Every structure is written in structure tokens, then in C-alpha cells.
Amino acid sequence: MNNTSPFWEPDWKRVQAPLSALRRQLASFPSPPLRIMKVSQLDAELLDEELLETMKEQLWSAFALFKPSFKEAFKPEMTLALNLIMYKFSVYDMGATYGSQLQNLIYRNERKHSGGLQSTSSDAALTKTQKITYGVVTVGGQYLMERLNRVVTAQGWGELPEDNIKRKVWNVLQKGGSIFRIVSLINFLAFLYAGKYRTVLERVLSMRLVYAERNSNRQASFEFLNRQMVWHAFTEFLMFLMPLINVSKLKRNVKRMLLPAALMSGNELSALPDHICAICHENNSASATPGTQTSTVIHNPYITDCEHVYCYYCIKTKMMIDDEWCCLRCGKKVDAIARYIEVAPDKALEEKAEDEEEHAEQEADNANAADDSVSEKQS
């Protein structure tokens, strides 16, 4: 059976040389720049971080029954294994991280798209060298830096003398970290201007994020991401606002408006013995664990203008925090405090008073006896 080639094959082979020459000429012509949404690239990085944190939580929960010292000792190695697995199944196999894939983005080799080839429809895939170098720096570099920081912190290299070799290495690490942060800031400003490389490593390796599907680059739904960002911003606002609100003062003012004064003063703290500090008792009742006993006896006593005694530290702290603090025993506002001095009884005065009482009783008895004798004589 004779194999016959298609009729168009000779013509196709004949035009290969002119087509190659035309491609080389296209590289010298200016082409429209390829615009990739910066927000999509930044969102992809945020999604990668959130996914990594979720995977870490699942990993730590798997070691919940182990000793805490075991997890703390091998935490860098477990993080290294997790990052390595995620890198293998994302960047190395697919050419993009999971967050980038969700944003319809993929890495391409930007060295193959210089000049007029920047906006070509076919994107050059990453080389094996680019993938391996990216993994070594991101995965291995993060592990080495975490381990090195642990050693430096544990051995206190920063507190050694200046002539010590470890102190010199620590100084080099600090300067290197500062230089890297400055370079990263400059690269981020360049990214905001051109929108090409998010990190310094991507710029060095010429790994640029582009749309995986050019026709669907605007079809990504940001509804969930926008909702998460709104809730995140709202949570941060509440965390900033809550410390500025005096919850106890607000609670007390609401009680004062809604409850009468009799109910404000009629609480369990008003029935405490005089030698017990009501503030200490309230704090210990809220924080003490079952089965433990803590002392609430008044130390360095100070008396309020409502004539109730507290520890100086307790009452002074309450008045410094809240200028309208009310007594826990009676519910009245405390305006001033003074040192409480308990007058010890004088034994001599007590004996004299007892003698006077006995003398008065004897005189009363004598008077009664005289009255009885006079009444008997008259009768």
C-alpha cells in the first residue's frame, strides 16, 4: 500500500523559511503592551496565603494529641513538607499557584516575549530551570530563614560582643534583611506602575503572570472576595474601636438609667464582711479556676466618701480608669478616698470606764436600798 502525502504538505514545507523570517522581523516591531489587572495578581497572592493558613490549621489539628514540644520542635519541617507538596502540584505541574488559577492567571517565560512578541496569543511555558529555582528559593529559602532565626534567637547572637563572629553574622543578616525590604518596596512600586512582576524573585526569573484564557479574563467573579474583604475591614474596625469604649462604664450607665437605686445597691457584694475587699472579690470570682482559693483580705486600706473600705491599689486603679466609678457595696459614685486609720482601743480608758460603770451601779443600788429602808420605816 503506497503512502501518499497530503496535497498541501509540499506548499507548507516551502513556506516555512519565509514564515520564520517573518517571525524574526515581527520581534523588531513595536506591539501593544499586554495589560494584566494588578488587582487580580494581588488577589491571587492573598488567596495563596489564605489557602496555606487553612492547610496549616488542618495540619496542626492532626498533631493536637501530640506533645506541644514535639509540634514546636518540628514545626519548620512540617511547614516545609506542606509547602513542598503545594509547590509540586501547583507551580511545578500546572505552571501557576492555586490562587493564580482561581484568578485565571498562569506564569509564562517573559524572556521569550521580548519586543514585538509581548502580546502574542501563545504564551511560552516556564523552563524547568525556572520552576526548580522558584521552588528552591520560595520553599527552601523560607525553611532556612526560619531555622536560622530560631538558632540566632535561642543563642542570642545579637547580644554577643562586637568582635564575635556570630555577632558579625547577625549584623550581616540584619543589614541583608533591611536591603531586601528596600528592594522589595522598590519592586512593588514598579509593579504598581507597570503591573508585570509582583516580587523580586519573579522579576529575576522573568516569570510573569498572564491570563490563561484571554477570552475569559474578565469573567472571574469577585463577589465572594469582595464580601470577605468587607468583613475583614469591618472586623479590623471593631478591633480598633472596642478598646476605646469603656464597656463597664457603659454598662453601669445603662443600669443606672433602667434600674432604681435600691436595686443598684442591693447586690451580693454589699453583704461581704468589712475586712474583705469587694473589688478583689469580684476580680477573683471572675478569673479564679474551680478548686482554687485566693486571698481577698484588704491590704493598705483606704476609705471612700461613702464610708466603705477597699485596698488602695484596687480603688486607685478603678478611679484612674473610670472617673465616674461607683462603689460596689452601695452603688454611689466615689469622688474621694482617704487612708483608713483604725483606732486601737486604750486599755486604761476601758478599765476606767468599767470602774465608773461599776461605781454608778453601786450608787444606784445604795440609793435603791435607802429608798427601801425609808419606805419600811414609814410603813
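Modeller: Happy to! Helices (H or I, at least four residues) and strands (E, at least two) are DSSP runs, numbered from the N terminus, and two strands pair if DSSP finds at least two bridges between them. Keep in mind that this is a predicted model, where local features need pLDDT of at least 70 and side-chain atom pairs count only at pLDDT 80 or more, while totals for chains, interfaces and linings use all residues. Residues are numbered from 1 along each chain as its sequence is written, and side-chain values use heavy atoms, leaving out hydrogens and water.

Biologist: What is the strand order in the open sheet of three strands?

Modeller: The edge strands are E4 (309-311) and E5 (337-339), each pairing on one side only. Strand E3 (residues 301-304) runs antiparallel to E4, and three bridges join the two. The pairing in this open sheet is antiparallel, and the order is E4-E3-E5.

Biologist: Which residue in E4 is the bridge partner of tyrosine 302?

Modeller: Look at the bridges that join E3 to E4. Across from tyrosine 302, the partner in E4 is tyrosine 310.

Biologist: At about what angle to E4 does helix H14 run?

Modeller: Axes here are lines fitted to C-alpha atoms, for helices over the stretch in contact, and angles run from 0 to 180 degrees between N-to-C directions. From one strand of the sheet to the next, the twist averages 40°. Helix H14 (residues 312-321) lies across E3, E4 and E5, and its angle to E4 is about 90°.

Biologist: How many disulfides does the structure hold?

Modeller: A disulfide is a pair of cysteine sulfur atoms within 2.5 Å. By that rule, the number in this structure is zero.

Biologist: Which cysteine has the nearest sulfur to that of cysteine 277, and how far away is it?

Modeller: Cysteine 277 is buried (under 20% relative accessible area; over 50% is exposed, and in between is partly exposed, with a 1.4 Å probe and protein chains only), and its own value is 0%. It is in no disulfide, and the nearest cysteine sulfur belongs to cysteine 280, at 3.7 Å.

Biologist: And how far is the nearest cysteine sulfur from cysteine 311?

Modeller: Cysteine 311 is buried too, with a relative accessible area of 4%. It takes part in no disulfide, and the nearest cysteine sulfur, that of cysteine 277, is away by 3.8 Å.

Biologist: Which backbone oxygen lies 2.7 Å from a polar atom of the side chain of arginine 167?

Modeller: Arginine 167 lies in helix H8 (residues 165-194) and counts as buried at 14% relative accessibility. Leaving aside residues up to four places away in sequence, its contacts (heavy atoms within 4.5 Å) include Trp157, Gly158 and Pro161. The oxygen at 2.7 Å belongs to leucine 160.

Biologist: Which side chain does aspartate 11 make a polar contact with?

Modeller: A polar contact is a pair of N or O atoms within 3.5 Å; within protein, one must be able to donate a hydrogen and the other to accept it, and residues adjacent in sequence count only if both atoms are side-chain atoms. Aspartate 11 is found in helix H1 (residues 9-14) and is partly exposed at 39% relative accessibility. At 2.3 Å, its side-chain partner is arginine 14.

Biologist: Which residue in E2 stands opposite tyrosine 107?

Modeller: Strand E1 (residues 105-109) and E2 pair in the antiparallel sense over five bridges. E1 is largely enclosed by the rest of the structure, because four of its five residues are buried, and in E2 (residues 207-211) five of five are buried. Asparagine 109 stands opposite methionine 207, while tyrosine 107 faces leucine 209.

Biologist: About what phi does asparagine 104 have?

Modeller: Most residues other than glycine have a negative phi. Asparagine 104 lies in the loop between helix H6 (98-102) and E1, and is buried at 13% relative accessibility. Although it is not a glycine, its phi is positive, at about 60°.

Biologist: What about the phi of asparagine 300?

Modeller: Asparagine 300 sits in the loop between helix H13 (278-287) and E3. It is partly exposed, with a relative accessible area of 36%. Its phi is positive, at about 50°.
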